[in-house]
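Biologist: I would like to learn how to read a few features of a protein model. Could you take me through them one at a time?

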Amino acid sequence: VDVPWPMQLLVNASALERYADIFSFLLVVKRTQMELHARWCHQKESAALPAAERARLHPLWRLRAHMAFFVANLQYYLQVDVLDAQWVALVQTANQCADFEELVRAHEATLGAIHAQCFLQSASVSAALMSIFEQSLELCHLLGDDGGGTPRATVAREFGKQVSFFVSYLSGVSSPQASQHLAQLHLRLRFNEFDLSSVGDF
């Protein structure tokens, strides 16, 4: 990416690399959310299907609902608790900066915070999230016209395994004192003691 002067003083090569990581991650999240929603739109038209076909698809619809629940809550966290919050903080700091160097430091701190809060600085957590997205897209493929792809039990088992790992990670780092935003995400994912990891059992 060719960054025009003087923006290159603020957005250097290191910053561009982080921006690329962040936007790549956000695009995968949004694509997964959109694909799951599209399958829900198809599901609404299932009343015309034979009873046997609806019975066959019911476990897939349940799994899709679990996946959509997880992705929607993650998307809300990223949009509201990470991006919006960091942008407001950066604008407030920029308006109070005494010089350009202070603005550069504020931008770097904001970019670093977003990168970390998108779980991109933990290889194991990032890999777990990517696996969750992959299994969600694989389910959408199973619900597609051809119905082919990885067996449902395999998709459900892997999804449950990775969600269980992610929720366990959150429970260890999401105390209100340490991170109010992560605590809120953990609370949303465990709403009414809803255990996402149990999806691997059906």
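Modeller: We will go through helix packing, one backbone angle and the cysteines, in that order. This is a predicted model, in which local features need pLDDT of at least 70 and side-chain atom pairs count only at pLDDT 80 or more, while totals for chains, interfaces and linings use all residues. Residues are numbered from 1 along each chain as its sequence is written, and side-chain values use heavy atoms, with hydrogens and water left out.

Biologist: At what angle do H1 and H4 cross?

Modeller: Helices are DSSP runs (H or I, at least four residues) numbered from the N terminus, and an axis is a line fitted to C-alpha atoms over the stretch in contact, with angles from 0 to 180 degrees between N-to-C directions. Here the axes of helix H1 (residues 13–43) and H4 cross at roughly 30° and come within 9 Å. That makes H1 roughly parallel to H4, since angles under 35 degrees count as roughly parallel, over 145 as roughly antiparallel, 65 to 115 as roughly perpendicular and the rest as oblique.

Biologist: Which residues of H1 and H4 meet?

Modeller: Contact means heavy atoms within 4.5 Å; on the H1 side the residues include Phe25, Val28 and Arg39, and on the H4 side they include Leu129, Phe133 and Cys140. By class, this contact of H1 with H4 has 9 nonpolar, 2 polar and 3 charged residues, where Ala, Val, Leu, Ile, Met, Phe, Trp, Tyr, Cys and Pro count as nonpolar, Asp, Glu, Lys and Arg as charged, and the others, Gly among them, as polar.

Biologist: How do H5 and H6 pack?

Modeller: Helix H5 (residues 152–173) and helix H6 (residues 180–189) have axes 9 Å apart and an angle of about 140°, which makes H5 oblique to H6. Phe166, Val167, Leu170, Ser171 and Val173 of H5 touch Leu182, Leu185, His186 and Leu189 of H6, and by class that contact has 7 nonpolar, 2 polar and no charged residues.

Biologist: What is the phi of Phe119, and is this residue buried or exposed?

Modeller: Phe119, although not a glycine, has a positive phi of about 65°, and its place is in the loop between helix H3 (100–117) and helix H4 (123–142). At 3% relative accessibility Phe119 counts as buried (under 20% relative accessible area, with exposed over 50% and partly exposed in between, for a 1.4 Å probe and protein chains only).

Biologist: How many disulfides does the structure hold?

Modeller: A disulfide is a covalent bond between the sulfur atoms of two cysteines. With the criterion of a pair of cysteine sulfur atoms within 2.5 Å, the structure holds 0 disulfides. Cys118 is buried, with a relative accessible area of 1%, and Cys140 is buried at 4%.

Notes: Helix = DSSP H or I, 4+ residues; strand = E, 2+ residues; numbered from the N terminus.
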